[in-house]
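Trainee: Please take one part of this protein and go through it closely. I would like to see how that part sits within the whole chain.

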Amino acid sequence: MKIATPAPRRASADAPARAHEAFAWIRSERIESLNLTVEEYEHRRTGARHYHLSAENPENVFLVAFRTVPMDSTGVAHILEHTALCGSERYPVRDPFFMMIRRSLNTFMNAFTSSDWTAYPFASQNRKDFNNLLDVYLDAVFFARLDELDFAQEGHRVEFEEAADPGSRLVYKGVVYNEMKGAMSSPVSTLWQGLSQRLYPTTTYHYNSGGDPEHIPELSHAQLKEFYRTHYHPSNAVFLTYGNIPAHEHQARFEERALARFQRLDEVIAVPDESRYDRPLEAEDGYALEEEDTGAAKTHIVLGWLLGRSTELEDLLKAHLLSNILLDNGASPLRHALESTKLGSAPSPLCGLEDSNREMAFVCGVEGSRPEQAEAVEALILGVLREVAERGVPQEMVDAALHQLELHQREIGGDSYPYGLQLILGALPTAIHRGDPIAVLNLDPVLERLRAEIRDPDFVKRQVRALLLDNPHRVRLTMSPDPGLSARRGAAEAGRLEAIRAALSAEERQGIVARAAELQERQARHDDPEILPKVGLDDIPADLYIPEGARETLGPWETTFYPQGTNGLVYQQLVIELPQLDDELLACLPYYTRALSELGCGGRDYLATQVRQSQVCGDINAYTSLRGRIDDVQAIRAHFILSGKALASRHAEFSALMRETLETVRFDEVGRLREIIAQERARMEQSVTGRGHSLAMGAAASGMSPGADINHRLRGLAGIRALKRLDDSLDGAEELARFAERLARIHALVLRAPRQFVLIGERERHDLLRRDLETVWKGATAASAAGFAPFTRPPVRRPVRQLWTTSTEVNFCAKVYPTVSIEHADAAALEVLGGFLRNGFLHRAIREQGGAYGGGAGHDPDIAAFRFYSYRDPRLEETLRDFDQAIDWLLDTRHEPRQLEEAILGVIGAIDKPGSPAGEAKSAFHNTLYGRTPAQRQRYRMRVIGVTLDDLRRVGETYLKPERASQAVVTSAAAAQRCDDLGMEILPL
């Protein structure tokens with residue numbers, strides 16, 4: 001498709017002091033709310049865009065993205081993302097991406113395939129490391145080798161079940177193939193794919209960009225290379241960088257390493273406007289579910305509308321504002337209807353605005369319904385929308401929605417992804433669709449215009465009519481459980497493979513055997529890592545940065561204030577010693593923390609309280625933390641934390657709401673409690689296929705310490721099963737009343753426990769923030785320490801051998817060994833050993849040869865456990881054997897000092913990884929609370945740097961003994977039945 005290139009725009013800030021001659025500077029714009037300047041450039045020869053976010057931040061970020069617009073579900077863009085990282089012109093090694101992870105101090109490295117773009121980002125605080133990674137990334141994306149064997153490994157291939165036996169069955173293999181089998185085991189992923197297929201009937205979003213396992217085998221190596229030729233070209237690329245390295249330095253490297261070798265490509269890749277429906281569409285679909293799970297109502301019913309272009313900033317923000325007004329919290333009219341209706345158990349996880357595609361989509365609906373209720377669900381939703389269009393909503397609800405947009409704009413993140421990468425990913429979709437990403441970053445001018453527009457009482461009414469009620473491009477999708485679908489898919493796959501096998505000549509069969517052997521030989525080959533650049537131990541900074549807090553007294557309580565650059569936000573926590581709880585109350589603890597901030601307080605019901613929260617703060621949430629002592633994980637401490645954030649200008653109101661939430665919560669709202677439990681069940685059930693490896697590790701480790709045991713019982717697989725039983729039991733008024741009474745008993749104990757405050761904000765606001773707290777808490781008295789019993793549990797030491805079954809087409813395997821706490825002299829060596837085994841053995845055995853999407857090992861000193869795991873794994877027993885063989889490899893193989901250095905670099909990179917200003921302060925406080933003081937953390941870090949190869953062998957021999965192992969697997973019921981010889985207990989989830 002041909003489109004016009006946008007004309008250069010006038011600059012709104014001064015030109016940079018230096019610019020590289022290969023790039024034309026277009027404009028610069030200062031964004032005060034983000035404390036950075038955005039510079040836009042165009043590469044003169046190829047037309048590639050470069051957006052540089054210039055900020056005084058040493059954590060520099062790079063991302064190059066390509067518009068990838070597949071028109072089928074073979075997963076070509078996804079498989080290309082994997083295969084491009086398997087060797088390049090300057091770095092002709094088999095696995096440069098994972099090799100560089102080991103040779104780097106990166107704070108982030110990855111690659112993403114979205115619905116219409118593919119991106120390759122990384123971040124590092126070390127400039128030498130940053131440039132090393134930049135060289136490797138540029139060569140990987142622009143000069144990839146795309147070897148056919150790498151395509152077979154990462155994408156798909158057919159092999160005989162016994163690779164060397166042409167008489168055995170054929171099977172499909174491939175990393176992406178298995179990854180997508182796991183991804184599409186999730187009902188929510190299936191639901192979104194089914195809805196997208198109908199909402200976008202003619203454009204790329206109609207297809208599964210990750211790849212549908214049924215269609216992935218249709219992709220040929222030649223088609224992959226052709227897709228690469230047209231899509232991975234600088235003319236189709238967008239570069240985005242962030243940090244304190246100047247743009248011209250980046251551009252010199254872009255030009256020298258890649259761009260100078262390209263000319264402009266005439267073909268312009270873009271997503272066209274979607275063809276619009278003139279009337280709503282109704283559709284039905286099914287998803288796979290295990291037979292024993294079909295008794296309850298498990299149908300998803302959703303409505304989706306196709307909206308306007310996401311590149312039109314005002315339209316984008318108005319759509320976000322309307323979505324927030326309708327769905328943000330329990331008081332929002334549409335969410336309230338979906339939460340309280342008997343037509344479903346909870347609002348659909350798809351509820352909200354999808355704004356990353358070229359044309360946006362608004363989705364709402366329910367899960368836990370029945371197919372025959374589809375019309376009633378649609379009538380409910382349209383009825384709410386008509387009422388809003390006729391009557392509007394209270395002005396404070398509109399103001400609160402805009403307040404949330406403003407708060408989101410100002411907050412400095414960085415706890416999950418680096419902050420610069422968060423900004424870049426927020427701007428990327430607009431840049432990909434040739435809109436104005438600078439405007440997306442600088443929302444303040446549009447927010448000011450919206451602030452004026454929303455004073456019109458008809459604003460929301462007009463938006464609901466224009467975007468939803470008068471919009472005929474609407475889809476109603478009813479997706480019901482199909483207990484036979486998995487078996488039919490398996491039979492169809494087996495039939496296809498048998499047809500292929502029957503048609504093979506003897507020569508072709510031998511060709512498959514030969515290629516499998518060739519791939520195995522390639523996977524076993526050890527490339528020279530010195531081809532790649534590296535950093536070494538001497539590049540590690542001497543010290544770990546840890547924020548320092550100032551302790552002071554606030555009335556009867558201790559308060560710790562952290563002066564951090566929070567960009568006008570303030571963060572507050574009440575940290576309360578967790579009291580002793582009996583087993584009945586302990587089982588209710590996660591529901592207590594989940595419900596506390598979602599019930600009414602301060603004399604208000606929960607609806608009014610939800611509105612009040614949106615008006616004055618970003619959020620208020622409660623949780624518990626529990627950790628073992630640094631010298632004994634069997635001795636634990638636990639705390640209850642009430643946490644929130646707000647704009648500093650609303651701190652006084654926010655502080656008052658925090659106190660009201662703690663002291664006046666209404667456990668008499670039993671109807672609301674019923675809704676919360678149903679929603680929590682839906683959320684936890686949906687999480688299994690996304691975090692199955694973590695759940696399997698939690699189950700396997702549950703017999704090793706009280707902390708691990710409680711985590712498994714409350715938040716792990718046992719917790720999910722207990723939650724399902726609880727949800728099934730709360731059908732009567734008496735059961736609900738008893739449940740509410742248990743929560744109230746927990747709360748009464750919490751209120752009598754010792755507490756302290758944590759306050760995080762800008763230094764110059766300290767006195768004002770302190771006065772706000774003193775005013776709000778004036779007259780409150782500290783709980784008496786006399787008679788207070790802190791939370792304790794007896795030691796836990798028991799072996800675990802469990803197979804947990806659920807609806808999944810892949811496995812999640814874990815094997816765990818008891819070890820030592822963090823202060824023990826061996827803890828550092830065990831930490832390094834995790835990366836050493838992953839780098840040297842597990843990655844090759846489990847991912848490359850076994851076909852799992854991921855696998856590895858690591859040490860958790862908080863529960864004193866060394867854990868092996870696999871993720872979205874087609875194998876089960878073979879993987880458990882690989883875990884054992886990794887230990888044999890450790891003890892029986894001669895290892896190089898280079899391998900040790902790489903493992904140490906990985907651990908130090910994780911330890912030194914920066915977070916957000918608020919996140920770093922919280923981490924400092926809570927680590928100190930449990931004995932992980934700055935001095936202890938620095939000491940541990942130095943021990944990591946000093947680990948030797950002899951230490952690794954010694955701790956392997958000492959702790960990783962077969963008779964000490966526990967293991968757990970998340971799998972399907974059918975796979976579990978085939979594992980009788982493992983001697984593991986089968987537990988349906």
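Mentor: What follows starts with the whole chain, turns to helix H6 and its residue Leu195, and ends with some other places for context.

The model is predicted, so local features need pLDDT of at least 70 and side-chain atom pairs count only at pLDDT 80 or more, while totals for chains, interfaces and linings use all residues. Residues are numbered from 1 along each chain as its sequence is written, and side-chain values use heavy atoms, with hydrogens and water left out.

The protein chain averages a pLDDT of 94, and 98% of the residues score at least 70; pLDDT is the predictor's confidence in each residue, from 0 to 100. Over residues 1-11 pLDDT stays under 50, and the model has 24 contacts for them beyond four places in sequence (contact means heavy atoms within 4.5 Å). Where pLDDT is low, the predicted coordinates should not be read in detail.

The protein chain has 34 helices and 28 strands; these are DSSP runs numbered from the N terminus, helices being H or I with at least four residues and strands E with at least two. For 989 residues a compact globule would have a radius of gyration near 30 Å, and the 28 Å of the protein chain agrees with this. That radius is taken over C-alpha atoms, and the globule rule is 2.2 Å times the number of residues to the power 0.38. The C-alpha trace spans about 85 × 70 × 65 Å along its principal axes. Of the 989 residues, 62% count as buried, where buried means under 20% relative accessible area, exposed over 50% and partly exposed in between (1.4 Å probe, protein chains only). Among contacts with a separation of 6 or more, 81% join residues 24 or more positions apart.

Now the part itself. H6 covers residues 187-199. Its 13 residues should span 18 Å at 1.5 Å a residue, and its end C-alpha atoms are 18 Å apart, which agrees; the expected span is 1.5 Å times one less than the number of residues. Buried in H6 are Val188, Thr190, Leu191, Gln193, Gly194, Leu195, Ser196, Arg198 and Leu199. The buried residues of this helix pack against strands E11 (281-288), E12 (299-309), E15 (359-369) and E16 (474-482), and against helix H22 (670-686).

Leu195 has a relative accessible area of 0%, so it is buried. Leaving out residues up to four places away in sequence, Leu195 touches Val302, Gly304, Leu350, Val363, Val475 and Leu477. The C-alpha atoms of Leu195 and Val302 are separated by 8.3 Å, although the two residues are 107 apart along the chain.

For context, Ser235 lies in the loop between helix H7 (221-231) and strand E10 (237-243). Ser235 is buried because its relative accessible area is 16%. Its side chain reaches the backbone oxygen of Thr46 at 2.8 Å.

Elsewhere, the largest nonpolar core has 80 residues, of which Tyr592, Phe640, Leu642 and Trp777 touch the most other members. Such a core is a set of buried Ala, Val, Leu, Ile, Met, Phe, Trp, Tyr and Cys residues joined through side-chain atoms within 4.5 Å. Helix H19 (residues 583-596) supplies the largest share of this core, eight residues. A second, separate core of 63 residues includes Ile79, Ala144, Ile245 and Phe262.

Methods
A polar contact is a pair of N or O atoms within 3.5 Å; within protein, one must be able to donate a hydrogen and the other to accept it, and residues adjacent in sequence count only if both atoms are side-chain atoms.
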